[in-house]
Amino acid sequence: MKMTKIYSGAYQWIMYGRDENKRSNIIDTNQYLIRTANKCLLLDPGGVELFAPMLAAVLHHAPVDQITDLFASHQDPDIISSLGLWDQALPHAKLHAPALWEGFLRHFGCESIEYVGIPDNGGQIQIENAELQIIPAHYLHSSANFHIYDPKAKILMSGDVGAALEADGSPIYVDNFDAHIEKMRFFHQRWMPSNQAKMNWIQRVRKLDIEIMAPQHGRIFKGDDVKRFLDWFEALQVGTAT
Ligand SMILES: [Fe+2]
Ligand SMILES: [Fe+2]
């Protein structure tokens, strides 16, 4: 599992991904950890097959009792089918996830972890000195879907928005936006169902000061590439299956 520090200030953001032991028939995913002095929030912890390598990787940065909070942007298996195993490893943790999905997500196993349901209008998560905003991203692509914005680090963790499908072991950051477009187009057209939802999200996100946009698949966007992505996504027709 490759570990990349993407922000280091009053606290840290660490990205985990490009697991060299991943089977080729499973989509590659990016997991993120916000590490403050005594606590950690793990964002989109990943699939059940990734639990063991993720736990080992996170333990490089924090002891198990400091992994206090989990966040699931939506209900997909690549996001959170590991829940039943985290539930055994972290019985005192909280899971912040869409309230709408609670009755469904509990099928992955959530006996001990406290399920903190996020209402449709979002909210905040405070992890010590990290004050995070929960940004609604409904129908992008899940019917109840959220992103995490960190105004101090200027990072937007954008879930499946900004995802790219590409070969194993690809670089962490977008280095040529125009070349990257073809790796994103099909994913967004096929998995994002609503142009109206897309426009609502773009309007909301354009008000944020974003230095890094960090999706759950593919590469991270930095600086001007964030704006390039928003412009490209705005013009793209989505929901194209017939
Ligand atoms: Fe998804
Ligand atoms: Fe995904």
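Lys154 is placed in the loop between S10 and strand S11 (155-157); helices (H or I, at least four residues) and strands (E, at least two) are DSSP runs that are numbered from the N terminus. The model is predicted, so local features need pLDDT of at least 70 and side-chain atom pairs count only at pLDDT 80 or more, while totals for chains, interfaces and linings use all residues. Residues are numbered from 1 along each chain as its sequence is written, chains are lettered from A and ligands numbered from 1 in the order in which they are written, and side-chain values use heavy atoms, with hydrogens and water left out.

## Backbone features in loops

Although Lys154 is not a glycine, its phi is positive, at about 60 degrees, and with 33% relative accessibility this residue counts as partly exposed. Here buried means under 20% relative accessible area and exposed over 50%, with partly exposed in between (1.4 Å probe, protein chains only). Asp44 also has a positive phi in a residue other than glycine, near 45 degrees, and is found in the loop between S4 and H1. Asp44 is buried, with a relative accessible area of 0%. As background, most residues other than glycine have a negative phi, and most peptide bonds are trans. A cis peptide bond, with omega about 0 degrees, joins Leu140 and His141, and His141 has its place in the loop between S9 and S10.

What does the side chain of Asn145 reach in this part of the chain? Asn145 lies in the loop between strand S9 (130-136) and strand S10 (146-150), and is buried at a relative accessible area of 0%. Its side chain reaches the backbone nitrogen of His141 at 3.3 Å, and a polar atom of the Asn145 side chain lies 3.1 Å from the backbone nitrogen of Ser142. A polar contact is a pair of N or O atoms within 3.5 Å; within protein, one must be able to donate a hydrogen and the other to accept it, and residues adjacent in sequence count only if both atoms are side-chain atoms. Leaving aside neighbours within four places in sequence, Asn145 is in contact (heavy atoms within 4.5 Å) with residues including Ser73, His74, Tyr139 and Leu140.

Donors are N, O and S atoms within 2.8 Å of the metal (3.2 Å for Na, K and Ca), and sites may look incomplete because water is not among the atoms.

| Ion | Protein donors | Distances | Angles among the four donor atoms |
|---|---|---|---|
| iron ion (ligand 2) | Asp78 (OD), Asp160 (OD), Gln216 (OE1), His217 (NE2) | 2.1 to 2.3 Å | 80 to 173 degrees |

Four donors count as tetrahedral if all angles lie between 85 and 135 degrees; four count as square planar and six as octahedral if opposite donors are over 155 degrees apart and all others between 65 and 115, and anything else is irregular.

Distant parts of the chain are linked by the pair of Asp78, in helix H2 (residues 77-80), and Gln216, in the loop between strand S12 (212-214) and strand S13 (221-222), which are 138 residues apart. Asp78 and Gln216 are both buried. The two iron ions lie 3.5 Å apart, and Asp160 bridges them.

## The buried side of helix H1

In helix H1 (residues 51-58), the buried residues are Phe51, Met54, Leu55, Ala57 and Val58. They cover an arc of only 165 degrees around the axis, which puts them on the same side of H1; the arc is that of the directions from the helix axis to the C-beta atoms. Among the elements that cover these buried residues are strand S1 (2-8), strand S2 (12-17), strand S3 (31-35), strand S4 (40-43), strand S5 (67-71) and helix H3 (83-89).

## Cysteines

How many disulfides are there? With a disulfide taken as a pair of cysteine sulfur atoms within 2.5 Å, the count comes to zero. The sulfur of Cys40 is 19 Å from the closest cysteine sulfur, in Cys110, which is too far for a bond. Cys40 counts as buried at 0% relative accessibility, and Cys110 counts as buried at 4%.
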